[in-house]
Amino acid sequence: MIHDSTDVEIVLSENGALVAGPDEAVAALLSRLEIPDVSTESAGQSVKNLFADLTGVASVASAFDPKWVHLSSESFARAQELGGLQKNAQGLIVGVLRGEKGRLDQFLQFDAAGGINPMMMSNAATLAATMALRSAIAQLETLVESMDVKLDVLLEDNRTAAIGDVQGLTHVLTQAYGLYEKTGRISETVWSQITGHATALAQAESKARRHLDNLAVSVDKGSFAKRADAMHRMADGELQHWLIILAAVQANRQRLDVLKLAHLLERDPDAVPSHAEDTRASGEEERRLLTLTVKGLSDAMASAADVSDANRVRNPLRSRKLIEEAEHSLRVVSAFAEVTGIEVVAGQVQREPWRKSVVGLAKGTASEARNIASSVPKEITRRREDNLIRKVSKIEERRALASESGDGVEGADGLTTPEQDDLETTAK
């Protein structure tokens with residue numbers, strides 16, 4: 001593939017892009033995609049190696065170091081539209097963008113990379129996982145910033161200790177990935193330090209989700225007072241704590257996934273694509289479970305905020321506080337869903353004036369009273385009939401006994417005089 005001085009070598013994925021080329025051409029491309037130039041960042045040695053091996057243009061990669069570019073979903077869609085770009089099996093778009101007569105900002109042609117050999121497939125799988133990791137880390141940083149908390153403080157929290165040494169795992173995996181990013185290799189020493197962390201991360205992720213599930217149950221069950229207390233704890237930091245911890249654990253898991261693929265790439269390249277596919281499928285399942293957890297949280301909070309008229313009237317201040325805290329918590333969930341890209345729409349909270357609740361309660365009470373009043377005569381009649389049947393049964397039993405013994409004076413209708421009086425009283 002012959003390259004012009006205005007060519008831009010590019011690798012695109014839904015999680016971002018890597019571009020290499022002259023500054024002017026890269027700037028023109030970013031402008032075409034409506035991406036601010038400040039969103040670019042230099043890549044490490046590991047990514048440079050993968051980029052050069054995958055694109056097959058070491059000369060371009062050596063002359064122009066690839067840069068990371070953050071892509072929104074809209075920018076990714078525009079990039080695909082520019083040249084009818086098609087993703088490969090690993091979910092990447094690899095090739096060269098050319099502008100007619102150097103005008104990359106107006107006329108654009110995309111030349112896809114040539115045939116993909118097994119080694120290139122392995123590189124593509126590893127690079128795709130690396131790009132997904134970078135997106136996850138960016139999401140975590142955005143989430144922490146939007147919620148105005150410090151991740152290191154959360155990792156040291158006693159609540160976090162309940163799911164394992166997340167702080168220790170984060171430190172070891174961040175350090176290991178940093179070394180790999182700088183050198184492009186994973187030493188046996190580093191590998192021995194991280195090889196046993198998969199189980200610990202899976203357990204931590206499961207426990208973090210369970211904490212969030214328990215929060216959902218606590219605000220949706222029990223008395224009004226208990227639900228209000230649970231909502232207060234959630235809004236007071238419990239919810240954002242566990243959402244951020246869960247995001248941190250997932251980022252660690254993706255760090256480990258990339259390191260596994262990189263280690264395998266050095267020792268058994270042919271096994272990388274299948275291993276990457278298993279990792280991708282596992283990631284999709286984790287994402288499905290995360291979506292269910294967050295949706296359950298959202299539904300539970302919306303349900304808790306649906307305060308009855310009776311509770312609004314009896315506890316006006318506490319009801320208002322519960323609704324306000326539910327709205328705050330739903331905004332946190334909405335921000336988490338937006339940052340992580342999961343398909344969860346936060347529930348809505350319906351606000352009603354206290355006066356309207358009073359009127360609604362009064363109407364409901366009046367209607368209930370009318371129903372009760374109309375049912376009283378029917379209930380009296382039913383009970384009278386039941387008493388009459390019971391007395392007749394008792395009289396028949398006494399008659400049977402009297403017939404056997406020959407006692408008792410019967411009236412004209414076959415009943416003793418006391419029995420007749422009893423039935424007449426009951427009937428009345």
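This is a short tour of a predicted model, stop by stop.

Before you start, note that numbering runs from 1 along each chain as its sequence is written, and side-chain values use heavy atoms, without hydrogens or water. Local features need pLDDT of at least 70 and side-chain atom pairs 80 or more, whereas totals for chains, interfaces and linings use all residues.

**Colour by confidence.** pLDDT is the predictor's confidence in each residue, from 0 to 100. The chain has a mean of 75, with 71% of its residues at 70 or more. Now select 354–359, where pLDDT stays under 50 and the model has eight contacts (heavy atoms within 4.5 Å) beyond four places in sequence. Residues 408–416 are also below 50, with 15 contacts beyond near neighbours in sequence. Where pLDDT is low, the predicted coordinates should not be read in detail.

**Select A198, R253, D257, K260 and S282.** Of the 13 residues lining the second largest pocket, these lie nearest its centre. Its volume is about 220 Å³. Now show α10 (197–220), α11 (224–267) and α12 (272–304), the elements that each give two or more lining residues; α12 gives the most, five. By class, the lining has six charged, four nonpolar and three polar residues. (A pocket here is an open set of points on a 1 Å grid over the protein atoms alone, where a 1.4 Å probe fits, with protein on both sides within 12 Å along at least five of seven lines; lining residues have an atom within 4 Å of a point. Volume is the space filled by probe spheres set on the points. Helices are DSSP runs of H or I, at least four residues, numbered from the N terminus. Asp, Glu, Lys and Arg count as charged; Ala, Val, Leu, Ile, Met, Phe, Trp, Tyr, Cys and Pro as nonpolar; the others as polar.)

**Finish at α14, residues 316–340.** At 1.5 Å a residue, its 25 residues should span 36 Å, and the end C-alpha atoms are 36 Å apart, which agrees. Just after α14, G341 has a positive phi of about 80 degrees.

Notes
The expected span of a helix is 1.5 Å times one less than its number of residues.
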